[in-house]
Amino acid sequence: MVQILRCGRATLEIGRRTLIMGILNVTPDSFSDGGRYHTVERAVERAREMVAQGADLIDVGGESTRPGAEPVAAAEELARVAPVIRALAVAVPVPISIDTYKAEVARAAVAAGAGLVNDVRGLQGVPDMAAAVAELGVPVVVMHGMREHVAGQPPNYGDLMAEIKDFLRRSLALAEAAGIPGERVIVDPGFGFGKTAEHNLEVMARLGELHELGRPILLGPSRKSTIGKVLDLPVDQRVEGTAALVALAVAQGVDIVRVHDVREMSRVARMADAVMAHARLGRLVGGGPA
Ligand code: HH2
């Protein structure tokens, strides 16, 4: 089923093919691209390049979520993202999302031209986030984030996917209670957040279970440390590992992938989409070859 999602001045067509969310971190300290796009000019140049390479939306972030990153005050986060979003709103035709869990940053970012909120705390980080998103009238990504666990200890789960789905169901309930229409909510299992490498591999193997939630699915595996662990490679050599995860995500019906390497991953996704078009047709005609 194809769904048109209005994101402010632009739209996203979900379900026709896998969409590519290009990452634009305007932070000094993100784990793989920190410090590279911190002037408005460089950020706009990179966003234009990503759109030319196949990005369907651009995710702007002003606070790194990497473990051990310094928390950033809302005013500082806004000072980083607002000028970039204002410039992008006229420079690129695709929707811009704001990667934040803070309501005041979401509000100001949407006022500056963002059309979607990407909340790594799944509307469960601060009490007024769901109300802010409802009032702004934009779609929201709710991600399964960090569980309370003792610092320095690996997180432990009973049934990992059951706990991720429970968390996301709570996010969906908060969205509904605040008046956010269900069709505006996208779910994300939070690859790399509060999870060991083993957990992330299990998430990858069981992504299909997220369809039970009945919402579009986003996944952000790009260049993350699980790839580094499996392949024993540094962050600048994880493009093939990311490609494997993107292909597996497409095969399990993920709708949007959040990536740094837009040119490569849009090719990977298009190729995997081409196969999946036949798989779907195959199922429609009773499982035989299309
Ligand atoms: N991952 C990161 C940040 N935001 N948002 C969603 N919805 N899903 C993700 O998996 C996700 C996310 C972390 O990656 P990155 O932005 O590259 O690094 P940093 O947090 O250090 O800026």
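## Around H144

In this predicted model, H144 touches Y157, I164, F167, L168, D188, P189, G190, F193 and K195, leaving aside residues up to four places away in sequence. One of these neighbours, K195, also makes a polar contact with H144: their side chains are joined at 2.8 Å.

Where does H144 sit in the chain? You will find H144 in the loop between β7 (140-143) and α5 (160-178). As for solvent, H144 has a relative accessible area of 1%. Buried means under 20%, so H144 counts as buried.

## The ligand's surroundings

Now let's turn to the ligand. It is surrounded by 18 residues, and the closest are S30, S64, T65, N118 and D188. D188 links the two parts of this report, as it is among the residues that H144 touches and among the closest to the ligand.

What is the make-up of the shell around the ligand by class? The shell has 6 nonpolar, 7 polar and 5 charged residues.

## Polar pairs and cover

R258 has a side-chain N or O atom 2.8 Å from an oxygen atom of the ligand. For H260, a polar side-chain atom lies 3.0 Å from a ligand oxygen atom, and for N25 the corresponding distance from an oxygen atom of the ligand is 3.1 Å.

How much of the ligand's accessible area does the protein cover? On its own the ligand has 480 Å² of accessible area, and the protein covers 98% of that.

Methods
Residues numbered from 1 in each chain as written. Predicted model: local features only at pLDDT ≥ 70, side-chain atom pairs only at ≥ 80, totals over all residues. Heavy atoms only, no water. Near = heavy atom within 4 Å. Polar contact = N/O pair within 3.5 Å; in protein donor to acceptor, adjacent residues only side chain to side chain. Areas by Shrake-Rupley, 256 points an atom, 1.4 Å probe, with all protein chains shown as cover. Nonpolar A, V, L, I, M, F, W, Y, C, P; charged D, E, K, R; others polar. Helix = DSSP H or I, 4+ residues; strand = E, 2+ residues; numbered from the N terminus. Buried < 20%, exposed > 50% of the residue type's maximum accessible area, 1.4 Å probe, protein only. Contact = heavy atoms within 4.5 Å.
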